Amino acid sequence: MKATPAMHDLRPRHWIKILLSLLAWISVTTVTAQAHPHVWATIQTELLFAPDGAVTGVRHIWTFDDMYSAFATTGFKAKVKGQFTRQELQPLAQVNVESLKDFAFFTFARIDGKTKRDAFNNPVDYWLDYDAKSKQLTLHFTLPFKNPVAVKQLLIEVYDPEFFVDFGPDEKDPVKLIGAPPQCTVTAEKPPDQNFTSSQSLSQMFTNAEANIGMGMNFSNKILLKCP
Amino acid sequence: MTRTHKHRLRQALLPAVVIAIMLVGAHSASAQFGAGMRPSAVSGIGGVAGWLLAKQAAFYTALAAMLRSAKVDGSALWGLMGISFLYGIFHAAGPGHGKAVISSYLLANEETWRRGIALSFASAMMQSLTAVAIVGIAAVLLGATAKIMGDTVRIIEIVSYGLIVALGARLLWVKGRGFVSALHALKAEPASAGAAAGNHYDAVCQCGHGHPPDLAVAFACESAGSHCHVHELEEPDVLPWGHAHGPEPQELAGPGGWRRGLSAVVAVGLRPCSGAIIVLVFALAQGLLWAGIASTFVMGFGTAVTVAAIATLAVGTKALAKRLAGRPLGYGSVLMRGVEAGAAALILAFGVLLLTGYMASERMGLF
C-alpha cells in the first residue's frame, strides 16, 4: 500500500490545475458548435406583383449542390439513366415543399420594418429540374403571401438559422421583379465571404474565413424592395 | 529488438504517420469546389467554435471534391482518406457526437484513461457502422429514398437519446445514493465512512466477478460494479505519455469486461452523423461505394481521436482530484461521490435536452 497524500498536501496550484482542466472539459463538451453546412443552395428570387402594385408572393429557384442532389435523388428511378424528368421527380418535389414547411421555407419577411411571422400560404407551382450535366437539382416553388402586401419597403431574407443549408445568391440573376410598378427598386445583399476563387489554397481559405469570424457577420441573403 | 525498443519505434512512427496524413489531406483540400458548392460564409460565431466550424465546412467540401476526382483518378483515394480523417477530428467537436456523454460517463464511473480511449473508439466505430448499415440496407439493398433514410435516422436518434436518458437516470440513481450515503456516513460516524460508501454495492453485484443472470441486473451492476474496483490507495493511472507500453486487450476490457460501458457506447454510437450518410450516398452514386465505406470508417477514427482526447482530459482531471482529495474517508470521499453524481446528472440532462430538442442535434437532410 502506498501512502496517500493527506489533506495538508493540497497546494493551491493543484486546485488551480483541477479547476482549469474542469473548465476546459466543460467548455469542450458544452460549446457544441453549430452544424456546418451540409447542403448548398444557389438561389434566385422573384418578387411577384398584382396589377395594383401589391406584392403577391415570392418565387424561389434553388439549385442544390451535386452531393446533396445525389443524396436527394436516391431511390428515384429515371427511364433514361441519370436523366430525371420533371414528372419522375414530382413526388420528390412534393416531399420537398412539405418538409420545407417545418423550416418556414427558410424565407423571412419584414414588411415596412416589422417582422411578419407566418406570412405565407403553402407553396404553389412547385417542381424539380435535374441538370444531367452538372448533376444538380433545381427546386422551383412559389410562396404566396397570405395577404398581398402593398408596401413601401419589403425585406425578404433567405437563410437557414441552423446553417445546415448554406444559401447563396446566383451571381448573375439574384433577384427579379415580375410586374412591379415602375417606381419600385430592389437590391440584393449577399452574405459576406462569398468572394473566394476556387484556386485558393486551404491555408488562404482559413485565414480569410477566420478574419471574418467574430465580426458579427450573418449569413442571410437580404432582398430589399423599395416602392416609394 | 527488445520489446521496449519496438514500443519506442511505434511511438515515434505514429506521430509521423499522422503528420503525413494531415499533409496529404491539407494538400488535397485545395482541390476545386464542385458543382454548386462554395466556401461557406461562417456565421457570427467567433473564437474556437467559429474556427472549428470553418474547418469542418472546408473539409466537408474537400471530401466531396475528393470523391468527384476519385471517380476519374484513383490516386485521389489517398487524399480522400486524409481528408476523412481530418474531417472526423474537427467534426467530433460539433454537435451530436456524444463526447459529452462519453466523458461524463467516465467521470461518473471509476475508469482509467485507457478505458476512456477504448470507449471513445468503440462508440465512434459503432457510429460509422450504423451509417454504413443504414445506407447499405436502405439505399443499396432496398432502393429506398432519402426521405426513408432520414426517417430511419430520426427513429434511431430518438432511441439513442432515450438510451442516454436511461443511462443518466440509472447512473444518477446509483451515484446519487452513493453520494447521499457517503454524506450520511460522514455525519454519523466519520471513521467508517469509507467502508460504508465503498462496500455499498458489493452484496448485490458481487464486484463484477459473478455473472448476473439477466440484462437488468447487468445494467445495474455495470456502473455499481465500478465501486468494487476503487483502488483508492494506488497511484492513479493518469498520464498516457508516462507509460512505455501500449494497452493490452485485457486491460482495455477492464474489470467487469467489455459489457461494462457497452450501454454508453450504444447510446452514443447509434446515431450516425448526417455528413457520413450524405457522403456515403454520394459515393454510391459515383460508383465508389467501397471508397465511401472506407472514408466513413476513417472519419470515425478521426472522431475517436477527438473524443478520446476529451475523455482523457476528464479522466485525468478526476484522478488528480481524487489524489488531492486524499484518503477515502471524510470530505474527500464525499466530494468525489458528489462529482460522480454530478456527472451522472449531466448525462441525464444531456439526454433530456437532446430528446426535447433543446440541445443541438444534427439535422438529416431536407428532402
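Residues are numbered from 1 along each chain as its sequence is written, and chains are lettered from A and ligands numbered from 1 in the order in which they are written.

**Confidence in chain A**
- Residues 1-8 of chain A have pLDDT below 50, and beyond near neighbours in sequence this stretch has 12 contacts in the model, a contact being a pair of residues whose C-beta atoms, placed from the backbone, lie within 7 Å.
- Residues 194-217 of chain A also stay under 50 in pLDDT, and the model has 40 contacts for them beyond four places in sequence.
- Where pLDDT is low, the predicted coordinates should not be read in detail.

**Fold of chain A**
- Chain A contains four helices and 11 strands, taken as DSSP runs numbered from the N terminus (helices H or I, at least four residues; strands E, at least two).
- Of the 228 residues in chain A, 33% are buried, that is, 20 or more other C-beta atoms, placed from the backbone, lie within 10 Å of their own.
- Among contacts in chain A with a separation of 6 or more, 72% are between residues 24 or more positions apart.
- Five strands of chain A form an open sheet in the order 4-3-7-11-10, with antiparallel pairing, where two strands pair if DSSP finds at least two bridges between them.
- The edges of this sheet are strand 4 (114-116) and strand 10 (185-189) of chain A, each of which pairs on one side only.
- Strand 10 of chain A runs antiparallel to strand 11 (residues 221-226) of chain A and is joined to it by five bridges, and Val186(A) has Leu225(A) in strand 11 as its bridge partner.

**Helices of chain B**
- Helix 3 (residues 76-91) and helix 13 (residues 289-325) of chain B pack at an angle of about 35 degrees with their axes 6 Å apart.
- Axes here are lines fitted to C-alpha atoms, for helices over the stretch in contact, and angles run from 0 to 180 degrees between N-to-C directions.
- Helix 11 (residues 262-269) of chain B is mostly covered, with six of its eight residues buried, among them Ser263(B), Val265(B) and Gly269(B).

Methods. Predicted model: local features only at pLDDT ≥ 70, side-chain atom pairs only at ≥ 80, totals over all residues. pLDDT = per-residue confidence, 0-100. Contact = placed C-beta atoms within 7 Å. Buried ≥ 20, exposed ≤ 12 C-beta atoms within 10 Å, placed from the backbone.
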